[in-house]
Amino acid sequence: MLHVEGLKVSYGAIAALKGISFHVPKGAVVTLIGANGAGKTTTLQTISGLHKVVEGTIKFDGQEISNMPSHKIVSLGISQSPEGRLIFPGLSVKENLMMGAYLRKDKKEIRSDLDYCFSIFPRLRERLMQAGGTLSGGEQQMLAISRALMAKPHLLLLDEPSLGIAPLLVQLIFEKITEINRDLGVTMLLVEQNAHMALKVASYAYVLETGEITLEGPASELASNEDVQKAYLGM
Amino acid sequence: MEEFLQQLINGLSLGAIYALIALGYTMIYGVLRFINFAHGDVFMIGTYIGFYVLNTAFVQSLGPGAETAVIVFLAAMVGCGLLGVIIEFLAYRPLRNRPKLTVLITAIGVSFFLEYTGQLPFVFGADPRTFPTVVEKTTVLQAGGLVIDSYQIIIFVVAIALMLGLRLLIMKTRIGTALRASSMNLKAASLMGINTNAVISFTFFVGSALAGAGAILYAMSYPKINPLMGILPGLKAFIAAVLGGIGNILGAAVGGFIIGAAETMTAGYISPTLRDAIVFAILIIILIVKPSGLFGRGGTEKV
Ligand SMILES: Nc1ncnc2c1ncn2[C@@H]1O[C@H](COP(=O)(O)OP(=O)(O)O)[C@@H](O)[C@H]1O
Ligand SMILES: [Mg+2]
């Protein structure tokens, strides 16, 4: 479904991605783990069209999408729950969710997708009219994921959903990610520093180190790999 | 009392014009987080658009009146709107990911460009021109010493109608929702599938068109126009936007009325020579007391 080949991206003179290749098969949850500054966010933002591709290709369902404008990429079926959540602070929870469905016109289905989000995260229904900016970090994360789902994506990009939220909620969020993947069959690319959780929910994993992929394999294999355990699982 | 009321009405009608200009500053700041210092000059161009349209044989043949007013307002609004879009496209868009200071300096450059190109003899010329009559000035209400003229009525009606229209546009339409989302977080807005470049162009169009309407109202009241005339009203409208809380639309409108009233009251009761000074004094006071402005939500940014 998503094929990235030899992707290079830089910020001015600094190369953030030095030619990475990976792919995400339809229906799967694939994770990209790596330390802070490895280039995870750059990878997802580039897929979403926020950075210029210096070299390499990004193919989605066979179509080249590198350097397409962001809104076109969303319309092809790729949505993102970004790092730091980027909730619209002055819009209500409901309005935030509706922003996710900005490009859609199928009113009835939007309604039922909203209901699905509420069934996954009942907290959002309770806070429906509250301003997004007043939610707790965990609630904002639920909102960011739901907002991305409201685009009815074929591919969902998740940037560090565990970042800055309470450990108990981290557990819950990852359970829900699995649940969403199972219920909707939506393909996911999950980016995480929390390798422990990421390797549990993903089927296949890549390790990203300062802009290069150094290791890849089935998630269970990587979880038992000694180097990974030492570097990312704190064992 | 009568005199006070008269000063207030005069002040609020000047303020309504500032408010229209201030809306452009604040809308553009809202989306791009920088002050478009060329905005006052877009306002100036608006008066010249009005001037040339009023001097066409066709409009001359219509003479002053409602038809002429509609034509001249539409021309200045559309003309300024397009000018704003072009300025953004040519001067600011290529710098989208550059530091804000770069864009700010560019805006000052655009401002000088418009002011000094305008003074060239084959453009507008440096000499002041007389703005032709759009509609006849009549006394609408006279009670004792209190006089309200048709221009003041037109200013209030046009300004308030445009502000209400803007509110509807922003709160009730799809592009308005996209605009609000973009001013909260441009990156998040593009991740929602919003074409943020289109939203930015739209913002420049609407903000500049409001300055175009303000330009005609201003030139009707002060019918001497010249290529540097945008500087002072532009600066005052900018201060109005800061007073209201830059980025806040209601704040810009309220700020405009306050600045207009303060200026007129000072001129009337203290000294006409202090009319500009009071506005800058207000700026200094806000920056000290409440830099985020009357309606601002904290989080000030240096510009
Ligand atoms: N806007 C930016 N400008 C310059 N350098 C950046 C920018 N964003 C990220 N970087 C640099 O690019 C590298 C990768 O960053 P990022 O993709 O955010 O990593 P991660 O998400 O894995 O923490 C880092 O070295 C970071 O400092
Ligand atoms: Mg990151």
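**Reading an interface, a helix pair and a metal site**

Tutor: Chain B and chain A bury about 1800 Å² between them, 69% of it on carbon and sulfur atoms. This is a predicted model, where local features need pLDDT of at least 70, side-chain atom pairs count only at pLDDT 80 or more, and totals for chains, interfaces and linings use all residues. Residues are numbered from 1 along each chain as its sequence is written, chains are lettered from A and ligands numbered from 1 in the order in which they are written, and side-chain values use heavy atoms, without hydrogens and water.

Student: Which three residues supply 40% of the area that chain B buries against chain A?

Tutor: The size of an interface is often given as the accessible area lost when the parts come together. Here the area (1.4 Å probe) is summed over both parts. The three are Arg174(B), Leu191(B) and Met192(B), more than any other three residues.

Student: How do helix 7 and helix 9 of chain B cross?

Tutor: Two packed helices are described by the angle between their axes and the distance between the axes. Helix 7 (residues 174-184) and helix 9 (residues 196-221) of chain B have axes that come within 10 Å and cross at roughly 100 degrees. They are therefore roughly perpendicular (65 to 115 degrees).

Student: Which protein donors does the magnesium ion (ligand 2) have?

Tutor: Donors are N, O and S atoms within 2.8 Å of the metal (3.2 Å for Na, K and Ca); water is not among the atoms, so sites may look incomplete. Here they are Thr41(A) (OG1) and Glu83(A) (OE), 1.9 to 2.0 Å from the ion.

Methods: Axes fitted to C-alpha atoms, helices over the stretch in contact; angles between N-to-C directions. Helix = DSSP H or I, 4+ residues; strand = E, 2+ residues; numbered from the N terminus. Parallel < 35°, antiparallel > 145°, perpendicular 65-115°, else oblique. Buried area = accessible area lost by both parts, 1.4 Å probe.
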